Number of protein chains: 2
Amino acid sequence: MKFSKATDYALHALLYLIMHNADTQRVPVQELASSLDVSATYLSKVLTRLVKANYITASSGAKGGYQLRKNWEAITIYDIVVAIDGEQTLFEDSFDHGEGCKIQALMQEAENNLLHSLKSKSLKDLT
Amino acid sequence: MKFSKATDYALHALLYLIMHNADTQRVPVQELASSLDVSATYLSKVLTRLVKANYITASSGAKGGYQLRKNWEAITIYDIVVAIDGEQTLFEDSFDHGEGCKIQALMQEAENNLLHSLKSKSLKDLT
DNA sequence: GTTATTATAGATTCACAATATCTTTAATTA
DNA sequence: TAATTAAAGATATTGTGAATCTATAATAAC
């Protein structure tokens, strides 16, 4: 019952981009990695998922790096979590008790409260 | 970002106890394990945590087994989760950004919504 | 008391996924 | 062409949940 480190890395990297006006500038992963004091190649792997999901852009070559998209403020925390960790549900019931399983219903409701909260917050709220 | 199987096992074992009037009768782990089709020794380890936390009782020897306590209806799902998985927080921030870290605040709030929901449901809601 | 039954504890193994590193390749700029 | 940077692939490392096995302790029935 934990979020992944990768999600933590992603959120903090995004925060760095936001704080450094990276909607107009590009930031190489080296800079991000040393700022967070984590492995650059691993962080790169994480950020690539955000690129794939179209939440940030990346460009190779000199003066390249990662960059926020224009609409970055609207991206929700939920979006980031899903892009990194996937959509796996928090509670996987090993027992198939069918529709009426109250345990599953109950856990599902709790999880929905979490997800709803994550959906209600966006990157704008980090500023 | 998942609950443990152990919690799943525990909840379903409790449900079995509830459904079999185990507030007056004792149910050996063998019966529970075969009902859920899981390892008996492992399930025993899980249930022992509930015993330690005083949510159920156990007695050794012939005619022994696990039994609900009188006040079982008031036990919340949160209680069970904590007894099994511990109180570890869902989001462990690797970066110490101090009090003002908005990422942490935000994730904490989302997590609180989950926990509040788990606290608002009790074993009585499984009946 | 003896035997059978049951939970508990300890040690250990197993399996798998997250995390991390290394190396190569592709893209881009100067 | 040379330098810089992201992406991809392969592989290693690690941590830990899950599970098993064995031994011990407690209890009931006889």
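In the predicted model, 40 residues from chain A and 40 residues from chain B make up the contact between the two chains. Of the area that chain A buries against chain B, 20% is supplied by M1(A), K2(A) and F95(A), more than by any other three residues. The two chains bury about 4000 Å² between them, and 69% of this area lies on carbon and sulfur atoms.

The arrangement of the two copies was examined by superposition. Chain A is brought onto chain B by a rotation of 180 degrees, with 0.0 Å of shift along the axis and an RMSD of 0.1 Å. This is the relation of a two-fold axis. Because 100% of the interface residues of chain A are also interface residues in chain B, the copies meet through the same surface.

Polar interactions also cross this interface. Between chain A and chain B, 12 residue pairs are in polar contact, with both residues at pLDDT 80 or more. The salt bridges between the chains number 4. One of them joins E109(A) to K121(B), with 3.6 Å between the closest N and O atoms. On the side of chain A that touches chain B, at least two residues each are supplied by helix 1 (5–19), helix 4 (77–85) and helix 5 (102–119) of chain A. Helix 5 of chain A provides the largest share of this side, 12 residues. Classified by residue type, the side of chain A that touches chain B comprises 21 nonpolar, 8 polar and 11 charged residues.

DNA strand D is surrounded by 26 residues, and the closest are V29(A), T48(A) and Y66(A) together with K5(B) and S39(B). Of the atoms of DNA strand D that come within 4 Å of the protein, 71% belong to sugar and phosphate. Individual contacts to phosphate oxygens of DNA strand D involve both backbone and side-chain atoms of chain A. A polar backbone atom of V29(A) lies 2.8 Å from a phosphate oxygen.

The surface near DNA strand D draws on elements of both chains. At least two residues each come from helix 3 (40–52), strand 1 (56–59) and strand 2 (65–68) of chain A, and from helix 1 (5–19) and helix 3 (40–52) of chain B. Helix 3 of chain A contributes the largest share, 4 residues. In composition, this surface divides into 11 nonpolar, 10 polar and 5 charged residues.

Conventions. Residues are numbered from 1 along each chain as its sequence is written. Chains are lettered from A and ligands numbered from 1 in the order in which they are written. This is a predicted model: local features need pLDDT of at least 70, side-chain atom pairs count only at pLDDT 80 or more; totals for chains, interfaces and linings use all residues. Side-chain values use heavy atoms; hydrogens and water are left out. A residue is near a molecule or strand if one of its heavy atoms lies within 4 Å of it. A polar contact is a pair of N or O atoms within 3.5 Å; within protein, one must be able to donate a hydrogen and the other to accept it, and residues adjacent in sequence count only if both atoms are side-chain atoms. Ala, Val, Leu, Ile, Met, Phe, Trp, Tyr, Cys and Pro count as nonpolar, Asp, Glu, Lys and Arg as charged, and the others, Gly among them, as polar. Copies are superposed by least squares on the C-alpha atoms of residues with pLDDT of at least 70 in both. Contact means heavy atoms within 4.5 Å. Buried area is the accessible area (1.4 Å probe) that two parts lose on being put together, summed over both. A salt bridge is a side-chain nitrogen of Lys or Arg within 4 Å of a carboxyl oxygen of Asp or Glu.
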